[in-house]
Amino acid sequence: MRRFRKSFIRAGLEALYLSGAHVWLRPIFSGVGAIYTLHHVRPRRTAEFQPNCHLEVTPEFLGQMLSHLRDHEIDIVTLDELHRRLVSQDFSRRFACFTFDDGYRDNRDFALPVMRAFGAPFTIYVTSDFAAGVGRLWWVALERLVAKAQQIEVEIGGLRLRLDASTQSAKCATFQRLHDWLRSLPSEHDIRREISALCAEHGIDEAAICRELYLSWDELRALSAEPLIEIGAHTVSHCSLAKQTEEMARSEITESRARIEAELQRPVLHMAYPYGDRAAAGPREFVLAAASGYKTAVTTRPGMIFPESADHLTALSRVSLNGHYQDPRVLPVLTSGAATAMWNGFRRIDAA
């Protein structure tokens with residue numbers, strides 16, 4: 001199903017490009033700008049099994065995107081500037097914001113040199129437990145244990161299952177089943193319990209993954225001095241906020257900000273909801289973010305920014321730069337708003 005979905009999306013993007021439909025849809029659906037979502041930026045990995053590769057793009061593709069925006073005279077701005085333009089309704093020029101979720105070390109090592117070359121500002125959303133080296137990147141741990149295993153035994157829904165991981169296709173199916181099961185669990189505690197048990201059984205050092213991939217507080221302090229970089233919040237533990245009690249969700253939102261401000265000695269005015277889809281963040285979370293004093297908060301719901309986004313500053317849509325679609329032909333389609341419009345059923349705002 002996931003493979004079919006990926007092929008369907010690729011076919012849709014190509015159809016929009018080859019037909020030229022994105023050109024005539026642009027004036028209607030491009031809006032006043034866009035916020036782009038990224039996670040990893042790094043050279044292509046050579047491993048055959050990479051189920052999380054949608055979360056990474058190459059430095060070359062990032063540079064192509066920046067060049068495309070410059071060629072089309074689209075301003076690359078900070079989230080503070082986006083906020084100013086929305087509040088003051090200043091739409092004399094189209095704009096783009098670049099946002100990096102989680103705070104991976106490759107944002108510094110590979111993304112920053114590209115952004116510097118274009119003088120382009122960007123925001124890194126920091127998960128405070130990850131920066132402290134105590135967080136759990138369970139989706140990375142899951143990829144590594146499935147890559148290593150030939151077979152995985154797990155109890156799902158009261159049934160003890162033996163899942164095949166002996167071939168690449170079997171690994172993909174098993175990863176997706178386990179990933180969907182973990183995302184469906186009631187709480188972050190449940191996810192940690194299950195993934196920790198699997199890691200222990202298959203010899204995966206789960207705790208080391210965070211320290212390996214994530215920027216530490218010391219590294220973030222040095223990085224925050226970079227004029228192009230703005231630091232935002234991404235909660236304390238990277239949990240699905242919608243699954244938490246209101247008190248816990250509020251604590252995740254406010255405590256993350258407090259920790260980052262204390263560590264970096266700079267204000268934190270913007271946040272991103274972990275996962276960011278409908279299952280993870282909705283109207284309650286949007287209200288909590290606003291009440292906590294954030295100027296903006298972003299989802300992963302696909303969409304462009306429109307003038308009426310000013311009424312939904314803590315429910316902003318973004319456009320994903322997805323590792324599955326690193327083709328320069330995709331860029332004019334993404335900036336036209338045609339792809340996200342079709343995905344959203346041609347709604348301009350998705351904040352319900």
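Leaving aside neighbours within four places in sequence, Thr-299 is in contact with Tyr-273, Gly-276, Phe-286, Ala-315, Leu-316, Ser-317 and Arg-318, where contact means heavy atoms within 4.5 Å. The model is a predicted one, in which local features need pLDDT of at least 70 and side-chain atom pairs count only at pLDDT 80 or more, while totals for chains, interfaces and linings use all residues. Residues are numbered from 1 along each chain as its sequence is written, and side-chain values use heavy atoms, with hydrogens and water left out.

Back to Thr-299: its place is in strand β11, residues 296–302. Helices (H or I, at least four residues) and strands (E, at least two) are DSSP runs, numbered from the N terminus. With a relative accessible area of 0%, Thr-299 is buried; that word means under 20% relative accessible area, while exposed means over 50% and partly exposed in between, using a 1.4 Å probe and protein chains only. A polar atom of the Thr-299 side chain also sits 3.0 Å from the backbone nitrogen of Arg-301.

Another threonine, Thr-314, turns up in the loop between β11 and β12 (316–320). Thr-314 counts as buried too, at 11% relative accessibility. Not counting residues up to four places away in sequence, Thr-314 touches Tyr-273, Phe-286, Ala-289, Ala-290, Tyr-294, Thr-296 and Ala-297.

Next come the nonpolar cores, meaning sets of buried Ala, Val, Leu, Ile, Met, Phe, Trp, Tyr and Cys residues joined through side-chain atoms within 4.5 Å. The largest one has 99 residues, and Tyr-36 and Phe-98 touch the most other members. Helix α7 (residues 138–148) gives this core its largest share, 7 residues. There is also a second, separate core of 14 residues, with Val-77, Tyr-125, Ile-305 and Leu-316 among them. As for Phe-98, its partners beyond four places in sequence include Tyr-36, Leu-38, Leu-62, Met-65, Ile-76, Met-115, Pro-121 and Leu-321.

What about empty space? Rolling a probe the size of a water molecule over the atoms shows where such space is left.

Thr-235 is not a glycine, yet has a positive phi of about 75°. Thr-235 sits in the loop between β9 (229–233) and α12 (246–264) and, at 1% relative accessibility, counts as buried. Phe-346, also not a glycine, has a positive phi of about 65°. Phe-346 belongs to the segment after α15 (338–343) and is partly exposed, at 45% relative accessibility.

Finally, there is Glu-60, in helix α3 (residues 59–71). At 54% relative accessibility, Glu-60 counts as exposed. From C-alpha to C-alpha, Glu-60 and Leu-25 are 28 Å apart in space, and 35 residues apart in sequence.

Definitions and conventions. Polar contact = N/O pair within 3.5 Å; in protein donor to acceptor, adjacent residues only side chain to side chain.
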